[in-house]
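Thanks for coming, everyone. I have one structure to walk through today. Please look at the screen.

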Amino acid sequence: MLTRSDFLSLNFVKKENFTGSHKGMRFMLCQETVEDEKMLKAYVWSEPLGFDATPDDEKLSGLFEFSEEGLARAIDWMNERYEYICGRSLQNKNNLHV
C-alpha cells in the first residue's frame with residue numbers, strides 16, 4: 001500500500017514528473033493546467049514498461065486538486081486501482097502461456 005511518505009513534496013511535482021513503482025504497478029504524478037487551474041494528474045499502469053513505452057489504453061488516470069489534500073486523494077485512488085492493475089497484468093502474463 002502506498003503512503004504519503006512514498007512521495008516527495010508537491011514542490012517537486014511543480015518542476016518534474018514524479019514516477020515510481022509499487023509491487024508490479026507503476027505510477028506517475030504530474031502538474032497539469034485545466035481551465036487556468038493547476039491540477040495534480042495521477043497515472044497508473046502495470047510493469048514492466050515505462051510511461052512512454054506503455055500504450056495509452058493500458059494507463060488509468062485521475063485528476064485531483066493540486067494540494068496536500070489532493071495528493072492524499074490521489075494516493076487513495078492509486079491504492080484502489082492497485083488490485084485492478086496487477087490483476088490485469090497477471091491475466092496478460094497468463095494469456096502468453098496458453
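**Loop, patch and salt bridges**

Start with aspartate 36, which sits in the loop between strand 2 and strand 3. Keep in mind that this is a predicted model. Aspartate 36 is not a glycine, yet its phi is positive, about 65°. Is aspartate 36 buried or exposed? It is exposed, because its relative accessible area is 79%, and the cut-off for exposed is over 50%.

Now glutamate 35. It also belongs to the loop between strand 2, residues 25-34, and strand 3. With a relative accessible area of 76%, glutamate 35 is exposed.

Which residues form the negative surface patch? They are Glu35, Asp36, Glu37 and Glu65. Glutamate 65 comes from strand 4, residues 60-65. Its relative accessibility is 46%, so glutamate 65 counts as partly exposed.

Let me step back to the overall layout. The chain has two helices and four strands. In sequence order the pattern reads α-β-β-β-β-α. The chain has 98 residues, and 37% of them count as buried.

Next, strand 3. This strand covers residues 37-46, and lysine 41 is in it. Lysine 41 has 16% relative accessibility, so it counts as buried; the cut-off there is under 20%. What does the side chain of lysine 41 touch? It makes a polar contact of 3.5 Å with the side chain of tyrosine 43.

Then a backbone detail. The peptide bond between glutamate 47 and proline 48 is cis, with omega about 20°. Where is proline 48? Look in the loop between strand 3 and strand 4.

Now the salt bridges. How many does a search of the whole structure find? Five. I will show some of them.

Take aspartate 56 and lysine 59. They form a salt bridge, and their closest N and O atoms are 3.1 Å apart. The partners sit in contrasting surroundings. Aspartate 56 is exposed, because its relative accessible area is 64%. Lysine 59 is buried, because its value is 12%.

Move on to helix 2. Arginine 73 and glutamate 69 meet through their side chains in a salt bridge, 2.9 Å from N to O. Why are arginine 73 and glutamate 69 separated by about one helical turn? Because they are four residues apart in helix 2, residues 68-96. Glutamate 69 has a relative accessible area of 45%, so it is partly exposed.

Last pair: glutamate 80 and arginine 81. This is a salt bridge too, and the closest N and O atoms lie 3.3 Å apart. Glutamate 80 counts as exposed because its relative accessibility is 57%. Arginine 81 has 25%, so it counts as partly exposed.

To recap. Glu35 and Asp36 belong to the negative patch, along with Glu37 and Glu65. Lysine 41 is buried at 16%, and its side chain has a polar contact with tyrosine 43. Glutamate 47 and proline 48 are joined by a cis peptide bond. And the whole structure has five salt bridges, including the one between aspartate 56 and lysine 59. That is my tour. Over to you.

Key
Residues numbered from 1 in each chain as written. Predicted model: local features only at pLDDT ≥ 70, side-chain atom pairs only at ≥ 80, totals over all residues. Heavy atoms only, no water. Patch = residues over 30% accessible without salt bridge, like charges linked within 9 Å, V, L, I, M, F, W, Y side chains within 5 Å. Areas by Shrake-Rupley, 256 points an atom, 1.4 Å probe, with all protein chains shown as cover. Salt bridge = Lys/Arg side-chain N within 4 Å of Asp/Glu carboxyl O. Lys, Arg positive; Asp, Glu negative; His and termini not counted. Charge placed at Lys NZ, Arg CZ, Asp CG, Glu CD. Buried < 20%, exposed > 50% of the residue type's maximum accessible area, 1.4 Å probe, protein only. Polar contact = N/O pair within 3.5 Å; in protein donor to acceptor, adjacent residues only side chain to side chain.
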